[in-house]
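Student: Could we go through this structure together, one question at a time?
Tutor: Gladly; here it is.

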Amino acid sequence: MPELEAVIGLEIHVQLATKTKMFCGCELSFGDEPNVHTCPVCLAHPGVLPVPNEQAIRYALQIGLALGCEIAPRSIFHRKNYFYPDNPKAYQISQYDIPICGAGRLGDVRIHRAHLEEDAAKTIHVGESGRIHGSDASLVDFNRGGTPLVEIVTEPDLRGAAEAAEWARLLRETVRQLGVSDVNMEEGSLRVDANVSVRPAGSEELGTKTELKNMNSFRFLQRGVEAELARQRELVEAGGTVEQETLHFDPGSGSLTSLRSKEEAHDYRYFPEPDLVPLAPTEEMLLEARESLPELPAARIERYEGIGVPADVALTLATDPRTAGYFENVVEAADGIEPRVLANWVTGELAAALRQAEVDGGAADSRVSPEALGALVRMVQEKKISHGSAKTVLAALVLEGGDPGPIVEREGLAQMSDSGELEAIVEKAMADNAAAVEKIREGNNKAIGAIIGAVMRETKGRADGGEVNRLIQEKL
Amino acid sequence: MTNLLDLTALEAHEAMVAGDLSAAEYTAAWREAAAGDELNAYLWRADGTDEGSAIAVERDCVAPIAVKDIFTTEGVPTTAGSRILEGYRPPYTSTAVRKLLEAGAPILGKTNMDEFAMGSSNENSAYGPVLNPWDRERVPGGSSGGSAAVVAGALAPWAIGTDTGGSIRQPAAFCGIVGLKPTYGAISRYGMIAFASSLDQCGPLTRTVSDAALLLGILQGKDHCDSTSVGLEGGIALPGRQDLSGLRFGVPAELRGDDYDSGVREVFEQTLRQIEGLGGEIAEVSLPSSEHGISAYYVIAPAEASSNLARYDGVRYGMRTGGDGDLIEMYETTRSDGFGPEVKRRIMLGTYALSSGYYEAYYGQAQKVRTRIAEDFTGAFSTVDFVVTPTAPSVAFKLGEKTDDPLAMYLNDFFTVPMSLAGIPAISIPAGLVEPEGGGPRLPVGFQIAGPAFSEQKLLDAAYALEQGIGFGGRPGGDADA
């Protein structure tokens, strides 16, 4: 049997961080007393009508443009009909055949569509199970009901659980940087469902998929998909077939349980929502959405890699736009120094120094100006101070700010330029560590550390390690 | 001054504004009249107690009004004629009622109606049928039967109702009053309990065309709570046209058949001659798709209704029965006990029409017919100013006469449904009285005039001229000359 290939597509629900709900004026909130943010509209009293939230439409346009989607000139709201207490109208207003955002792409994954809809209310099942089956009572909190959502659906372009989780992170970062959602998976403002199937590697056909729900972290997403892929592979390899069903992931046990099979699937009786006119974004709305787009992570990563920054460092910077901005200021201030080196200083030494000093906030908020960091790196590059001394200076800059020059001078950290003086110190250190010298001569090169250490102590770290090494070798 | 109740709403308004009539005295007279309702026309009446304080007016200077029980009124029972909303008191007031209150029109009461506006005889009310003031053995029409009966029966100076496929025009015709269905979008639907959202429209039921114009002027307008509302540009002025010269009235060939009451046809033909007498021109027009109106309507309206009525589930408000801890059972028992047979029939029809695999054949096809019907009217209005038909194929029929035959009942809407599907305005004015088959007191016949979308002003002007020409002075019991 040929190798089985994983085929994964994701459906991501993004709660928009608008001030009010999708179709009424109720405030959005998280964690307030139940049922305080409700009105006749979101409780579906008789006679009420929905009025679309313009801010939500603007946010959806931003998401669509950030994902390179085609924007529909006139999209249509539909009613998705089903009975459940968290769905007070007994229909959800969603989009069906003409979504606001059509085909697009993020990274290596094609976007199928992204549409606007409203969130359901929250049901709380009282009892040991915590789920509707076996509960003593069920309560409904309508605070969340009617929250604007954008549902993003990808094409089945992902080929592994880790890849899926990594791409979902990129998506979250992209949406976060737009400032249109809190994208908090634990609080449910970002929810990821996965459609999973397997097929013989190289095949163009899609296998029967299952839908995985309730993976409220990227780690659980990866674990859930891994578990389902393992289950499907085992099943298919044993000659079985995958049944179409919806599965609930239990992060505690790592197990998947069936929520409903294909036979139990709802007939949602979609039809165009007669209470709303087609959604036609104005030129002004489109222009504003385009102009408000920041440089997004995927573009930033590409640009940084283009100037020689390693992929992992580029990713770190791209997911932190403020630090990325700081890095770019350092690059400008330290003209001529390789961005790769500067990026390492920003994400490595400076980040460590800030952590060590227990300073809140990132590089951009610190007392270390981009000019100071640039000057410090230049000193190291020009061998004016040692790498070790530079860390000492950086620690001082974190606390007091200012320029590195005066600190180097004050602390006496300038690299020893008088090689005669250094030579004398090396000779003394070799004499003091005769045993080590003997070991080196016997071929144990590690012993050289003891001598270098002695030199560094004597010079308070001002000596250049390379130069010390060279002198020792010369004198052996 | 003579009997206060004889004044039209416009006359009363002008007298109140001029200071010749005490608003308090006038309203009190009507409250007293409404209290004597023997037609089962009111489901609730304002009696000056705390109940209803949320919909009190600050300054009354407009005639008090009866409101179909489909409009939400804060703190005041609103049932839509259904058992499932028995005891329900809405937490908010509909835009139409709010506008009436702001204009200074006190609410006299809430009128009886077919359950969720589904019906043509008012026999589908969970609270019993309304009686026709012309003959209490007959229906007042529906679904705005209560609103038509209170105006005709001198229990209110005027009223508002809703029209989805004829629910204002047909009861207005059966009760010998004026009923106007405005262009879809002219008046806000916010707070008007939905039956079929793409068809429902609020409108006036009045004694005269002038009263209808005054009321439409108050009600119309774009409302930020209803994204489908647009209002009527320039508002509505009182009609004053005296003749019909230069206006062409189209009679649809397809709707001129002989399969309806001869008395109705007689009055219709006689009215056409009156139009000519007033200088108007009669022409034949073709509306080839209109005869499919009923079929399309009875797919689209139930489809939307099946979704609109799904919210009555016993969870948040209204009636809840059974279940004993089981959710699905509670839904089923509540809805089985709460809805009447006609509502259930339409929910089933609509659910079926929308279901996967049937959608295109039913809902999709019906929408295509709807588009054709609208195009037919557009074509007709390129050669005529108005399209005219009888309002209903018969005069008011007897209680119980058609309750066992839903199809016969549905055919009541034959002349009124095409305009609803096209979204265009149409008015019914009383055109004469005829003796019903089988004898009994003479009964009113309505004449329907329809115009292009947003042509309300022109439509009211023409209807006014025709109204003056006809000189209908009929009153229930009085049987004056027509």
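Tutor: Chain B has 14 helices and 11 strands, where helices (H or I, at least four residues) and strands (E, at least two) are DSSP runs numbered from the N terminus. This is a predicted model, in which local features need pLDDT of at least 70 and side-chain atom pairs count only at pLDDT 80 or more, while totals for chains, interfaces and linings use all residues. Residues are numbered from 1 along each chain as its sequence is written, and chains are lettered from A and ligands numbered from 1 in the order in which they are written.

Student: What radius of gyration does chain B have?
Tutor: The radius is taken over C-alpha atoms, and the globule rule is 2.2 Å times the number of residues to the power 0.38. For 482 residues a compact globule would come near 23 Å, and chain B agrees with this, having 21 Å.

Student: Which residues have the most contacts inside the largest nonpolar core?
Tutor: Such a core is a set of buried Ala, Val, Leu, Ile, Met, Phe, Trp, Tyr and Cys residues joined through C-beta atoms within 7 Å, and a residue is buried if 20 or more other C-beta atoms, placed from the backbone, lie within 10 Å of its own. The largest one has 152 residues, and those with the most contacts inside it are Ile65(B), Ala156(B), Ile449(B) and Ala463(B).

Student: Which residues is Ala463(B) in contact with, leaving aside neighbours within four places in sequence?
Tutor: Two residues are in contact if their C-beta atoms, placed from the backbone, lie within 7 Å. With those neighbours left aside, the partners of Ala463(B) are Val209(B), Ile427(B), Ile429(B) and Ile449(B).

Student: Is Val395(B) buried or exposed?
Tutor: Val395(B) lies in the loop between β9 (386-390) and α12 (406-410) of chain B. Not counting residues up to four places away in sequence, Val395(B) touches residues including Phe174(B), Asp261(B) and Leu443(B). Because 28 other C-beta atoms lie within 10 Å, Val395(B) is buried.

Student: How many residues of chain B are in contact with chain A?
Tutor: On the side of chain A that touches chain B there are 16 nonpolar, three polar and five charged residues, where Ala, Val, Leu, Ile, Met, Phe, Trp, Tyr, Cys and Pro count as nonpolar, Asp, Glu, Lys and Arg as charged, and the others, Gly among them, as polar. The 24 residues of chain A in this interface meet residues of chain B numbering 35.

Technical notes: Buried ≥ 20, exposed ≤ 12 C-beta atoms within 10 Å, placed from the backbone.
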